[in-house]
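Please read them with the coordinates open.

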Amino acid sequence: MPPGKDIPKDIVQRDRVFYGRRRGRRLRAGMEALLEERLPELLVELPGTPDAMLDPRTLFPPETRGIWLEIGFGGGEHLAAQAEANPDVGFIGSEPFMNGVASLLRHCEDRGLSNVRIYPDDVRDLLAVLPDGCLDRIAVLFADPWPKKRHHPRRIIQHGTIADFHRLLKPGGELRLATDDMGYLRWMLARATAHRGFRWLARGPQDWRLRPEDWPETRYEAKARAQGRQPAFMRFERLDTGG
Ligand SMILES: C[S@@+](CC[C@H](N)C(=O)[O-])C[C@H]1O[C@@H](n2cnc3c(N)ncnc32)[C@H](O)[C@@H]1O
């Protein structure tokens, strides 16, 4: 079938152009040193040969209970808090913004975490090399909303990424999404609920307004609330169907 015919536009438009920032204001010397000394130990590297896959279990000790992926972890405070609360889980965080990576490394040092690995780049390249059913949870929290219509193809949540998440999660696994942008909320819900392999775990009409207790606040959530915006929180179960 020629590209574009009968396929939603946002699937065929997926590309590997990253539109965010990789560097912000100059890092303090201590943070630069953390990047230089600690990142290589925690780095997730893509396989060097075409078509090779990366089994994420090889990144963690064999007794690790499960693997959770956080996409766009920002300053890393949510990821670090989850890693501390769940020491038997292996955490992979993906974030191309190096100031954020340095911040997560600082949290890992301060909390003495040994169950965190970092992919400091565009997550879509990582998703492509992970095998089916290798993840227990995926979180995408306050992803850039790209509110202008012409920028909607830049949104990380697309029909294609929802299909990737379904492929990568085990049955019973969980997808967590959050946003403070009502347009992006409708967009996310439309895409996640259009996929037959996910079930929205909302228990009542107000459910999405409440952040579950085992879901630490992120920096963007705090910023949104301070600016008077109501964040939304969604949990989806990966069903054993819809593949
Ligand atoms: C608005 S910030 C939210 C950060 C954090 N999750 C929070 O709630 O505080 C979105 C983050 O997603 C990251 N990001 C954007 N596109 C990404 C991609 N393709 N892969 C991984 N991270 C990405 C950005 O660099 C940015 O740090």
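1. Terms and basis. A residue is called buried at under 20% relative accessible area, exposed at over 50%, and partly exposed in between, with a 1.4 Å probe and protein chains only. Helices (H or I, at least four residues) and strands (E, at least two) are DSSP runs numbered from the N terminus. The model is predicted: local features need pLDDT of at least 70, side-chain atom pairs count only at pLDDT 80 or more, and totals for chains, interfaces and linings use all residues. Residue numbers start from 1 along each chain as its sequence is written, and side-chain values use heavy atoms, with hydrogens and water left out.

2. Helix α2. Met-31, Leu-34 and Leu-35 are buried in α2, which runs over residues 29-37. These three lie on the same side of α2, because they cover an arc of only 100 degrees around the axis (the arc is that of the directions from the helix axis to the C-beta atoms). An α-helix has 3.6 residues a turn, so residues three or four places apart point the same way. Ala-29, Glu-36 and Glu-37, on the other side of α2, are exposed. What do the buried residues of α2 pack against? They pack against α3 (39-42) and α5 (98-111), where contact means heavy atoms within 4.5 Å.

3. Overall fold. The protein has nine helices and seven strands. Its radius of gyration is 18 Å, which agrees with the value near 18 Å for a compact globule of 243 residues; the radius is taken over C-alpha atoms, and the globule rule is 2.2 Å times the number of residues to the power 0.38. The C-alpha trace spans about 50 × 45 × 35 Å along its principal axes. Of the 243 residues, 49% count as buried. Of the contacts between residues at least 6 apart in sequence, 79% join residues at least 24 apart.

4. Ligand site. The ligand is surrounded by 19 residues, and the closest are Gly-72, Glu-95, Asp-122, Leu-141 and Thr-218; a residue counts as near if one of its heavy atoms lies within 4 Å. Polar contacts are pairs of N or O atoms within 3.5 Å; within protein, one must be able to donate a hydrogen and the other to accept it, and residues adjacent in sequence count only if both atoms are side-chain atoms. A polar side-chain atom of Glu-95 is 2.5 Å from a ligand oxygen atom. For Leu-141, a backbone N or O atom is 2.7 Å from a ligand nitrogen atom. Thr-218 places a polar side-chain atom 2.7 Å from an oxygen atom of the ligand. On its own the ligand has 600 Å² of accessible area, and the protein covers 91% of this (Shrake-Rupley method, 1.4 Å probe; for residues, only the protein chains shown count as cover).

5. Thr-218. This residue sits in the loop between β6 and α9 (219-226). Is Thr-218 buried or exposed? It counts as buried, because its relative accessibility is 8%. The Thr-218 side chain also reaches the backbone nitrogen of Glu-221 at 3.2 Å. Neighbours within four places in sequence aside, Thr-218 is in contact with Glu-77, His-78, Leu-141 and Phe-142.

6. Ile-118. Strand β3 (residues 116-119) contains Ile-118, which counts as buried at 0% relative accessibility. Not counting residues up to four places away in sequence, Ile-118 touches residues including Leu-39, Leu-42, Phe-73, Val-101 and Leu-105.
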